[in-house]
Amino acid sequence: MLEQVNRAMEYVEEHLDGVIDVGELARIARTSEYHFRRMFSALAGMPLSEYVRRRRLTVAGAEVLAGERTLLDVAVRYGYTSGEAFARAFRAMHGVGPGEARRGGVVLRSQPRMSFRLVVEGSSSMEYRIVEKPGFRVVGRRARVPLVHEGVNPAIAAFIRGIAPEVVDRITALSDQEPDGVVSVTEFFSDSREEGVELDYYHAVVAGADVVVPEDLDVREVPAGTWAVFSVTGAFPQALQEMWRDVYTQWFPSNPYETRPGPEILRTRFLADGVAEAELWTGVERVAR
């Protein structure tokens with residue numbers, strides 16, 4: 001699959017001065033638009049739209065320095081409707097305006113072209129299972145928090161500390177299926193997976209669709225579907241974050257599945273000396289390769 005993703009990256013390069021159709025990128029990569037956006041963000045560490053913006057401004061920077069086109073012509077060529085909009089975007093990336101850059105003696109920034117490859121590290125295999133699960137409910141307390149890629153998320157930690165013990169006990173009592181006990185549930189409402197983007201976070205349990213939900217708790221209805229379940233034991237939170245990364249960089253490119261819209265569920269149990277065992281549940285659908 002990575003070969004097809006790299007062909008999609010070539011399409012991006014060929015259309016920097018035109019329209020980049022994400023549907024066409026997904027077709028080239030032989031996947032859905034939703035999965036392509038999520039996979040790209042996981043692999044690249046930035047959303048597709050941000051990568052395209054940076055690549056366009058990188059190429060535009062070279063044309064500004066060359067001086068063969070007017071600044072307005074360069075702006076229009078790379079999708080900006082006015083010289084002012086181009087100047088703002090140019091300054092945000094390069095630290096100087098296009099007029100200053102053209103006068104010479106300045107340093108511009110560059111976004112390199114991306115290509116992807118599978119790196120095999122170590123000799124251990126990923127542990128996973130596929131589960132067909134009927135519809136269920138996520139029941140607990142919800143908060144809107146920013147994404148943090150490394151280390152403990154302070155917003156989530158503060159949110160959990162603010163839930164009274166008796167409320168946690170009532171939430172825990174509603175758990176009646178796997179993953180059992182209190183879980184962390186995250187759901188994104190944009191294609192971006194960049195640091196700081198907001199997401200819904202639930203400190204909750206998984207319960208049957210007919211469970212009676214107390215009025216003071218939040219609920220998320222989740223339809224029936226297929227789930228890929230990944231397991232890991234290691235230092236918290238590094239092992240969990242590395243598992244999430246490896247799911248997108250190693251497992252999805254090697255297996256006939258892609259993600260589907262919906263929440264991700266993380267069940268974590270703490271052992272001794274900062275070690276935890278965890279299961280990551282992510283919704284998938286089988287695709288032809």
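User: How do I read the packing of two helices, and at what angle do helix 1 and helix 3 pack?

Analyst: Two packed helices are described by the angle between their axes and the distance between the axes. In this predicted model, helix 1 and helix 3 pack at about 90°, and their axes are 12 Å apart. That makes helix 1 roughly perpendicular to helix 3, a label for angles of 65 to 115 degrees (under 35 is roughly parallel, over 145 roughly antiparallel, the rest oblique). Leu2, Val5, Ala8 and Met9 of helix 1 make the contact with Phe36, Met39, Phe40 and Leu43 of helix 3; contact means heavy atoms within 4.5 Å. The axes are lines fitted to C-alpha atoms, for helices over the stretch in contact, and angles run from 0 to 180 degrees between N-to-C directions. Helices (H or I, at least four residues) and strands (E, at least two) are DSSP runs, numbered from the N terminus.

User: What should I know about the numbering and the confidence limits?

Analyst: Residues count from 1 along each chain as its sequence is written, and side-chain values use heavy atoms, leaving out hydrogens and water. Since you're looking at a predicted model, local features need pLDDT of at least 70 and side-chain atom pairs count only at pLDDT 80 or more, while totals for chains, interfaces and linings use all residues.

User: Now the sheet. In what order do the strands lie?

Analyst: Strands of a sheet pair through backbone hydrogen bonds, either parallel or antiparallel. Here 8 strands form an open sheet in the order 1-6-8-7-3-4-2-5, with antiparallel pairing; two strands pair if DSSP finds at least two bridges between them. Strand 1 and strand 5 (218-222) are the edge strands, each pairing on one side only. From one strand to the next, the twist averages 35°.

User: Helix 10 next. Where is its kink centred, and which of its residues are buried?

Analyst: An α-helix has 3.6 residues a turn, so residues three or four places apart point the same way. Helix 10 (238-254) has 17 residues and reaches 23 Å from first C-alpha to last, close to the 24 Å expected (1.5 Å times one less than the number of residues). The kink, about 40°, is centred on valine 247; the bend is the angle between axes fitted to the seven residues ending there and the seven starting there. Its buried residues include Leu240, Met243, Trp244, Val247 and Trp251. Buried means under 20% relative accessible area, exposed over 50%, partly exposed in between (1.4 Å probe, protein chains only). Their cover includes helix 1, helix 3, strand 1, strand 6, strand 7 and strand 8.

User: And glycine 18: where is it found?

Analyst: Glycine 18 sits in the loop between helix 1 and helix 2 (22-28), and is partly exposed, at 33% relative accessible area. Its C-alpha is 7.5 Å from that of arginine 77, 59 residues apart along the chain.
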